[in-house]
Amino acid sequence: MDCELQIRNFAGAVHKSFATHAEAEQFVLETGLGENKSVKRKSNERENEGGAPASEPEFEEVYCDGACKNNGNPNAVAGIGIWWGQNDPRNEAFRCPGAQTNNRAELIAIVMVLLSAPMDGKPLIIKSDSDYSRKCLDEWSKGWIQKNWVTSSGQPVKNRAIIQYLLALLDARQQWGHKVEIKWVKGHAGVVGNEGADQLANLGCTYDEEEDWDWKAKTEQFNAVFQEELEKKNQLEAKGKKRAKTSPSDSCYDNNTSAALLPPTPIQPFAESELLAYLECLRDDYTQDLND
């Protein structure tokens, strides 16, 4: 396969060739895709989108992305990437569970951030290049709820169950007192965090297929357990006792289901065929369909 030919005419795509298999493996390791061992970033190592360091950030920032090869076709393959920082051990790649579409991968990428980020700590800013996801959560959902989850044209809202689960996770954080903001960032524009999440999402496309989650059941389970945790927290605060700094996530989330999405540990060296598949995913990531 001529990889340079495959990515030609795709804005933002950069051709990378390797003389040997060892060089290809080294490239994967250096970009943080082939390892999950590193140290947490120090605050003064943090970079904003303009590249300037922030000495003491008042928030934590994470980038997430969804990618889909052959989006909209029966042979589509979708992946998810979460990028906290260069060589951050929390960086993860996942295969999108269930139906393989770009929009589902983008939504579930935000889910995966909320499932892993503690609810006690600095405010969280989630950056995504999916305008669809942002509008689903910040704009359209209000009207959908009022109209019993049908669109203005009278059609059922696509990805309803995932969106409802996401709204439950976001509402819980608001009740817990943890501020979360979802910001749109332009994709493939040289933003380090977005590029990192994109690479991980494309890597996720190469993972084994995963069964879909029972989103309705997970939403109901989460809401029930979270309300119990919130009541305990409020009771302790009413008594003047400071609750231990622990997130309710351990009891609210089904860890067995989440663990099923994790890639094998440790990640094994990439075969040439896997690298070619990864490059092919990079090419197809630039085709998105807002009507999937």
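**A chat about helix α5 and its surroundings**

Q: Let's start with α5 and helix α7: at what angle do they pack, and how far apart are their axes?
A: Helix α7 (residues 215–238) packs with α5 at an angle of about 5°, and their axes are 9 Å apart. The axes are lines fitted to C-alpha atoms, for helices over the stretch in contact, and angles run from 0 to 180 degrees between N-to-C directions. The two helices are therefore roughly parallel to each other. Angles under 35 degrees count as roughly parallel, over 145 as roughly antiparallel, 65 to 115 as roughly perpendicular and the rest as oblique.

Q: Which residues make that contact?
A: From α5 come Ala161, Ile162, Gln164, Tyr165, Ala168, Leu169, Ala172, Gln175 and Trp176. From α7 come Trp215, Lys218, Thr219, Phe222, Asn223, Phe226, Gln227, Glu229, Leu230 and Lys233. Contact means heavy atoms within 4.5 Å.

Q: And what does the contact of α5 with α7 have by class?
A: The contact of α5 with α7 has 11 nonpolar, five polar and three charged residues. Here Ala, Val, Leu, Ile, Met, Phe, Trp, Tyr, Cys and Pro count as nonpolar, Asp, Glu, Lys and Arg as charged, and the others, Gly among them, as polar.

Q: Before we go on, what kind of model is this?
A: This is a predicted model, in which local features need pLDDT of at least 70 and side-chain atom pairs count only at pLDDT 80 or more, while totals for chains, interfaces and linings use all residues. Residues are numbered from 1 along each chain as its sequence is written, and side-chain values use heavy atoms, with hydrogens and water left out.

Q: Thanks! How many helices and strands does the protein chain have?
A: The protein chain has 10 helices and five strands. Helices (H or I, at least four residues) and strands (E, at least two) are DSSP runs, numbered from the N terminus.

Q: How much of the chain is buried?
A: Of its 292 residues, 43% count as buried. Buried means under 20% relative accessible area, exposed over 50%, and partly exposed in between (1.4 Å probe, protein chains only). Among contacts between residues at least 6 apart in sequence, 73% join residues at least 24 apart.

Q: Back to α5. How do the axes of α3 and α5 cross?
A: The axes of helix α3 (residues 102–116) and α5 come within 10 Å and cross at roughly 30°. That pair is therefore roughly parallel.

Q: Which residues of α3 and α5 meet there?
A: On the α3 side they are Arg104, Leu107, Ile108, Ile110, Val111, Leu114 and Leu115. They meet Ile162, Ile163, Tyr165, Leu166, Leu169, Leu170 and Arg173 in α5. The residues of this contact divide into 12 nonpolar, no polar and two charged.

Q: What about α4 and α5: at what angle do they pack?
A: The angle is about 95°, with the axes 11 Å apart. That makes α4 roughly perpendicular to α5. In α4, Tyr132, Cys136, Leu137, Ser141, Trp144 and Ile145 meet Ile163, Leu166, Leu167 and Leu170 in α5. The contact of α4 with α5 has nine nonpolar, one polar and no charged residues.

Q: New topic: what is phi for Asn87?
A: Asn87 has a positive phi of about 60° although it is not a glycine. Most residues other than glycine have a negative phi. Asn87 sits in the loop between β2 (77–83) and β3 (92–95) and is partly exposed, with a relative accessible area of 31%.

Q: What about phi of Trp149?
A: Phi of Trp149 is near 60°, a positive value in a residue other than glycine. Trp149 is found in the loop between α4 (131–146) and α5, and at 7% relative accessibility it counts as buried.

Q: Last one: what does Val77 touch?
A: Not counting residues up to four places away in sequence, Val77 touches Ala67, Cys68, Lys69, Arg95, Gln100 and Cys205. Val77 is found in strand β2 and counts as buried at 18% relative accessibility.
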